[in-house]
Amino acid sequence: MHAEVIVIGAGIVGAACAHALAQAGRRVLVLDAHIGGATGAGMGHLVVMDDNPAELALSRHSIAQWRALAPRMGEDCAYSACGTLWIAANEDEMAEAERKQQRLHAHGVDSRLLDAPALARAEPALRKGLAGALEVPGDGILYAPNAARWLLAQGGASICVEHAKVDAIEDDGTLQLADGSRRSAPQVVLANGIEATTLCPELPIRPKKGHLLITDRYPGTVHHQLVELGYVTSAHHSDGDSVAFNVQPRPTGQLLIGSSRQFGTTDPAVEAPMLARMLQRAIGYLPGLAELNAVRSWTGLRAATPDGLPLLGKHPWREKLWLAVGHEGLGVTTAPGSAHLLAALMTGAAPGFDAAPYAPRGLPETA
Amino acid sequence: MSVPTLLLQIDGQPVRVKAGSSVAAALRLAGGMGVARTSVTGQPRAPFCGMGVCQECRVLIDGRRRLACQAVCTEGLRVETSE
Ligand SMILES: Cc1cc2nc3c(=O)[nH]c(=O)nc-3n(C[C@H](O)[C@H](O)[C@H](O)COP(=O)(O)OP(=O)(O)OC[C@H]3O[C@@H](n4cnc5c(N)ncnc54)[C@H](O)[C@@H]3O)c2cc1C
Ligand code: FES
């Protein structure tokens, strides 16, 4: 295949980019080393996040795209329109739920406040004494590895996937592969997640480790994705280790329990103290979890930028290279919006929303 | 000297095992492959590692989900292999 674009990485972001570029009429070669990444390790929650206007714009547009794709996706993508309940533990958090509702409303995202009795009716497994919740019904979940494969398959003959590891990007944009061969195309997209810094050490990306645990099948235990409203304060705006309550009902009836955040480590080992902290937090909201059987726990690395927004756009000085990296803990949600922006920039089309906040930043001006 | 035995139920069927047997062993004695559960895609799954790692031997024991290879049979135990 004579490719017009090469995408490095077939995780959810690379797959979405290849899909969007194929839709724009490009012939795309995807190179993936099969070393795996965050797509296979994450929670797969599709959630509108509103820490800042740029994050809100990207997640909102992305979720609209996922919802449009969902009816055509295979069953193994495990898409579920379960919605999110942002749980308020006390009156302060309930006030935050109201502010969140106003922010979402201002951007056309549907949500509704549940008082304590309404929350107890919606999720009887939650502990008594919670203040209420904000329900965001448009949110959902999916199984990201299969969704990535599905996106690639949608490209038909326009997308070719090759099992290959890229060892280096030369000055003229030619790719050196591990088997000694080379590949080149007029445009190259770097979408290899946390591994991006091995090819471009200048990128301002650092790993943020996360633990997850999944239970055996207990259908009907919870109905929505449940996240504590304290999530933003406990997990986002801190440089230290943190945990937050986050539980997802999988279509299999299993419960996926998160989440933890740790900087300064790339060790994939499950750390019992961190896992214990995370589960204590979860049991504080869902006491019945303590009775359930866990099947597996694992870790993954999020590719974090200093401001939490992905880097989407032309690399400032590397020939032919475009960036789609740094999606941190929201890359499954934001993959379609990211891909839409990048494909528009690469093909000279007008993107559906402002690409400026995500433009590559924090890199040295020249090599 | 005869070895003491226990009587338990697997999916409603009485099964007699030697005292000290694991539930995984009882599943095998009950017949066939010793199937413990059925996967999401409908495939039968049986004890595999025998040491609490693979999680393939999950069954309901007296109403609680447990690992058959890590549970020791007791008199009157009720084991269900449905899910
Ligand atoms: C614990 C945890 C929980 C999360 N929860 C959520 C969530 O609920 N919702 C959400 O939206 N996001 C979540 N995320 C984040 C999300 O998983 C990531 O942002 C997303 O998967 C990143 O996708 P990616 O395609 O950029 O990278 P990856 O999935 O890491 O894919 C990179 C790909 O590049 C390939 N590759 C690497 N190096 C090379 C090379 N040199 N040559 C060729 N190929 C290469 C790898 O094989 C891999 O397939 C979570 C992440 C973690 C760790
Ligand atoms: S046989 Fe592997 S956990 Fe029981």
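View 1. Ligand 1 lies between domain 1 (5-43 + 144-203 + 307-358) and domain 2 (84-137 + 206-304) of chain A, because both give residues to the shell around it; the domain bounds come from an automatic or database domain assignment. The model is predicted: local features need pLDDT of at least 70 and side-chain atom pairs count only at pLDDT 80 or more, while totals for chains, interfaces and linings use all residues. Residues are numbered from 1 along each chain as its sequence is written, chains are lettered from A and ligands numbered from 1 in the order in which they are written, and side-chain values use heavy atoms, with hydrogens and water left out.

**View 2. The shell around ligand 1.** The shell holds 38 residues, of which Asp32(A), Thr39(A), His45(A), Glu328(A) and Thr333(A) come nearest; a residue is near if one of its heavy atoms lies within 4 Å. By class, 15 residues are nonpolar, 18 polar and 5 charged (Ala, Val, Leu, Ile, Met, Phe, Trp, Tyr, Cys and Pro count as nonpolar, Asp, Glu, Lys and Arg as charged, the others, Gly among them, as polar).

View 3. A polar contact with the ligand is a pair of N or O atoms within 3.5 Å. The side chain of Thr39(A) places an N or O atom 2.5 Å from an oxygen atom of ligand 1. A nitrogen atom of ligand 1 lies 3.0 Å from a backbone N or O atom of Ala33(A), and a side-chain N or O atom of Asn192(A) is 3.4 Å from a nitrogen atom of the ligand. The protein buries 95% of the 1,000 Å² that ligand 1 exposes when taken alone (Shrake-Rupley method, 1.4 Å probe).

**View 4. The contact between domain 1 and domain 2 of chain A.** The domain centres, taken over C-alpha atoms, are 29 Å apart. Contact (heavy atoms within 4.5 Å) joins 10 residues of domain 1 to 18 residues of domain 2. The two domains bury about 1,000 Å² between them, 63% of it on carbon and sulfur atoms; buried area is the accessible area (1.4 Å probe) that two parts lose on being put together, summed over both. Met43(A), Ile194(A) and Glu328(A) lose the most area on the domain 1 side, together 67% of what that side buries.

**View 5. The contact between chain A and chain B.** Chain A gives 10 residues and chain B 12 residues. About 910 Å² is buried between the chains, 34% of it on carbon and sulfur atoms. Asp216(A), Arg217(A) and Asn293(A) supply 53% of the area that chain A buries here, more than any other three residues.

**View 6. A cis peptide bond in chain A.** The bond from Gly258(A) to Ser259(A) is cis, with omega near -15 degrees. Ser259(A) belongs to strand S16 (residues 254-263); strands are DSSP runs (E, at least two residues), numbered from the N terminus.

Technical notes
A polar contact is a pair of N or O atoms within 3.5 Å; within protein, one must be able to donate a hydrogen and the other to accept it, and residues adjacent in sequence count only if both atoms are side-chain atoms. Helices (H or I, at least four residues) and strands (E, at least two) are DSSP runs, numbered from the N terminus.
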